[in-house]
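Welcome to this short tour of a protein pair. Take a moment to look over the chains, and then read on.

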Number of protein chains: 2
Amino acid sequence: MASLTAGNRRPVRLADIAKAAGVSHGTASNVFSRPEIVREEVRERVKAAAEAMGYGGPDPKGRLLRAGKVNAIGVATAEPLSYFFDDPFARVMMASISQACDATGAGISLVSAANNEQLAWNIQSALVDGFIVFCIEGGSRLVELARERKLPFVALDLDSEDGAVAAIGVDNIAGASLAARHLTDLGHRRFAVLALPFVDGRTGLVSPEQVRSATYAGTRDRLTGYLQELSRVGVDTSTVPVYETANDATSTRAALETIFAAKEPPTAILAMSDKIALVTLEWLSARKFSVPDDVSVIGFDGVPESAVSEPPLTTIAQPIAEMGGLAVKAILESDGKVSRQLLPVKLVVRASSAPPRG
Amino acid sequence: MASLTAGNRRPVRLADIAKAAGVSHGTASNVFSRPEIVREEVRERVKAAAEAMGYGGPDPKGRLLRAGKVNAIGVATAEPLSYFFDDPFARVMMASISQACDATGAGISLVSAANNEQLAWNIQSALVDGFIVFCIEGGSRLVELARERKLPFVALDLDSEDGAVAAIGVDNIAGASLAARHLTDLGHRRFAVLALPFVDGRTGLVSPEQVRSATYAGTRDRLTGYLQELSRVGVDTSTVPVYETANDATSTRAALETIFAAKEPPTAILAMSDKIALVTLEWLSARKFSVPDDVSVIGFDGVPESAVSEPPLTTIAQPIAEMGGLAVKAILESDGKVSRQLLPVKLVVRASSAPPRG
DNA sequence: AGCAAAATTTGAATCGATCCAACGAAAGTG
DNA sequence: CACTTTCGTTGGATCGATTCAAATTTTGCT
């Protein structure tokens with residue numbers, strides 16, 4: 001039944017149907033945006049013309065320019081787009097961002113890219129009112145790019161310690177302390193740390209000076225928190241191996257291989273993400289280590305998966321829902337000020353931690 | 001160090017910096033879009049002016065109007081935005097769409113809304129080159145809305161049988177037959193069906209005429225496939241209870257309560273989605289039914305979760321990755337034709353199905 | 001120097017709408 | 001009937017860029 005008219009190309013503009021209906025473009029525009037102010041007879045005529053010519057309604061491209069606001073916020077990461085749907089932490093965070101957006105009627109644009117050049121272009125040309133930046137790997141470059149757009153933006157999971165960028169994150173030092181404290185309270189004294197990246201693209205055992213020159217302040221803060229607590233109870237922190245992973249299964253397993261090849265393997269693993277911790281749980285189970293009897297494991301993040309792992313994971317829960325909401329609010333109600341918010345974390349004790357053997 | 005200039009508002013346009021640098025706006029534009037054709041001295045001068053005035057690069061809003069292409073595809077559903085990150089099927093599909101988009105450098109815009117009015121507006125004003133529409137609940141309305149935009153679009157999981165809309169889906173009848181056949185081959189003769197919605201917002205036992213008037217052709221096709229196979233082996237299909245669920249835990253559990261309150265409960269459950277099947281597995285385990293010894297369960301979709309459930313779920317796997325890729329391709333290379341593709345499904349036998357007792 | 005060819009730069013036109021001041025017509029008022 | 005309101009409509013200005021034919025400057029060559 002529809003328009004045969006729409007046969008070939010479709011350069012049907014508002015002006016075209018205005019002409020066809022014999023009204024000015026101003027009136028035609030009103031028919032769509034404020035129908036109540038135009039006389040019914042005219043309104044019907046214009047609508048009929050639009051229908052006949054196969055006009056799909058005012059093109060948002062045009063409206064946008066005039067209106068200024070896109071009514072969408074961009075979420076950016078330096079990972080591939082599928083990161084948003086694959087990574088547990090990202091997923092939970094996105095779900096909470098979604099809710100906040102739903103509530104305000106804003107849309108979400110996913111911005112990301114495999115290579116750096118494409119990423120820059122994608123950020124520069126994203127049609128959004130502001131950015132929420134996921135700072136995992138490649139975070140600093142991303143923050144720089146986003147900042148250049150001169151749009152409101154907020155860094156999540158702050159790994160940029162630059163005071164000039166708005167950020168919402170958790171108190172990493174306190175959280176890490178809390179994690180370590182839980183294990184020391186249980187009596188553990190032999191630890192290993194499975195860290196997130198300190199700098200991009202490196203994995204393996206890291207030295208103290210490598211830590212000092214970390215790109216990622218978040219990672220460094222968590223380590224600081226761990227070590228603070230460990231030294232408080234008299235552990236010689238220079239003997240605690242710290243392995244940098246890429247927050248994936250491969251690098252985590254490689255680290256575990258080395259850690260458990262040692263003469264005196266640790267009785268407790270401090271993992272900087274639940275993802276790392278969950279891989280660790282799997283690896284230990286495959287190697288017939290019993291958790292928590294042989295080894296205690298504690299994660300960081302509090303993703304839903306941690307509640308249903310085997311065994312359920314003790315972890316440091318971030319207030320992810322709250323963070324997403326705050327981030328969206330920061331963009332939509334941006335007043336130009338940069339604000340940095342540090343949210344508190346909570347220790348969630350589950351079955352992956354217990355006193356050491358003996 | 002940055003621009004103090006950006007103190008208050010920011011109406012810095014390309015024209016402003018052109019004036020400041022003493023060149024025409026044509027040249028200023030070239031500095032950003034084709035730097036190689038402008039003399040170095042001029043280029044530097046313009047860039048310096050831009051920097052000094054706190055210009056964040058050419059505003060995509062302006063460029064867009066000229067260029068026409070947004071370079072982003074919209075993914076729409078009538079569910080809340082968080083559906084994309086919560087629902088297992090959606091997540092896998094989105095991951096595959098993401099990959100296809102990454103490969104071509106296109107962005108993704110998530111379009112959705114709680115209420116109908118907002119949804120219409122969001123679709124009408126989405127800045128995208130085309131839509132991929134998730135047809136779950138509210139699918140028909142969504143398809144209508146998307147079609148009105150007169151942009152390329154493709155329906156996923158086709159629940160619209162309207163031949164005029166492009167769609168990519170699986171052969172629901174064949175898939176459902178395959179599922180039922182697997183169970184009949186094992187010897188089952190007493191079944192119950194846990195269906196997806198036939199129409200919006202209703203749950204509970206459905207009658208044959210309700211099935212005939214289904215809004216969702218996909219749901220109806222799956223049922224047709226089931227029943228075809230069951231009657232082939234001589235089951236009186238009028239005795240097979242069909243329960244409509246909302247593809248969520250609540251309605252599924254309600255259906256199960258009723259089903260297993262019967263005198264002769266089924267020995268096999270045909271679930272139209274893995275989500276329903278997984279809830280069923282949980283419910284049965286809580287009620288001390290043994291799967292597959294007391295009851296066999298088969299799902300539909302083939303989401304990753306089905307492989308790691310307890311027990312692992314026998315299911316009909318959709319070629320989700322392929323579907324996502326095809327959908328993106330259909331949008332980006334749209335030639336105006338509508339094409340409908342029916343992809344084949346595969347039976348994946350795992351531990352949730354076995355011969356009935358005795 | 002003189003002239004053609006090549007390299008840059010210019011400025012008007014365009015993309016597709018919305019907004020608004022001004023205007024004409026119809027309705028209301030004394 | 002003259003005069004103010006009210007209502008609807010008009011058309012120009014604007015949003016912020018890109019594009020391209022034409023104008024101008026440089027460069028190359030004899």
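Two residues count as being in contact if their C-beta atoms, placed from the backbone, lie within 7 Å. With that in hand, we can turn to how the chains meet. Of the interface residues of chain A, 100% are also interface residues in chain B, so the copies meet through the same surface. The contact takes 40 residues from chain A and 40 residues from chain B.

A word on what you are viewing: this is a predicted model, in which local features need pLDDT of at least 70, side-chain atom pairs count only at pLDDT 80 or more, and totals for chains, interfaces and linings use all residues. Residues are numbered from 1 along each chain as its sequence is written, while chains are lettered from A and ligands numbered from 1 in the order in which they are written.

**Where the chains meet**

Helices (H or I, at least four residues) and strands (E, at least two) are DSSP runs, numbered from the N terminus. On the side of chain A that touches chain B, the largest share, seven residues, comes from H6(A).

| Class, chain A side touching chain B | Residues |
|---|---|
| Nonpolar | 18 residues |
| Polar | 14 residues |

Strands pair if DSSP finds at least two bridges between them. Three bridges join E2(A) to strand E2 (residues 107–111) of chain B, and the two run antiparallel. Here A:Leu110 has B:Ile108 as its bridge partner.

**How the copies are related**

**A sheet within chain A**

Which order do the five strands of the open sheet follow in chain A? They run E7-E8-E6-E9-E10, with mixed pairing. Strands E7 (204–205) and E10 (296–298) of chain A stand at the edges, each with a single partner strand, so one side of each is left without a neighbour in the sheet. Four bridges join the parallel strands E6 (residues 191–195) and E9 (residues 268–271) of chain A, and A:Val193 stands opposite A:Leu270 in E9(A).

Key: Ala, Val, Leu, Ile, Met, Phe, Trp, Tyr, Cys and Pro count as nonpolar, Asp, Glu, Lys and Arg as charged, and the others, Gly among them, as polar.
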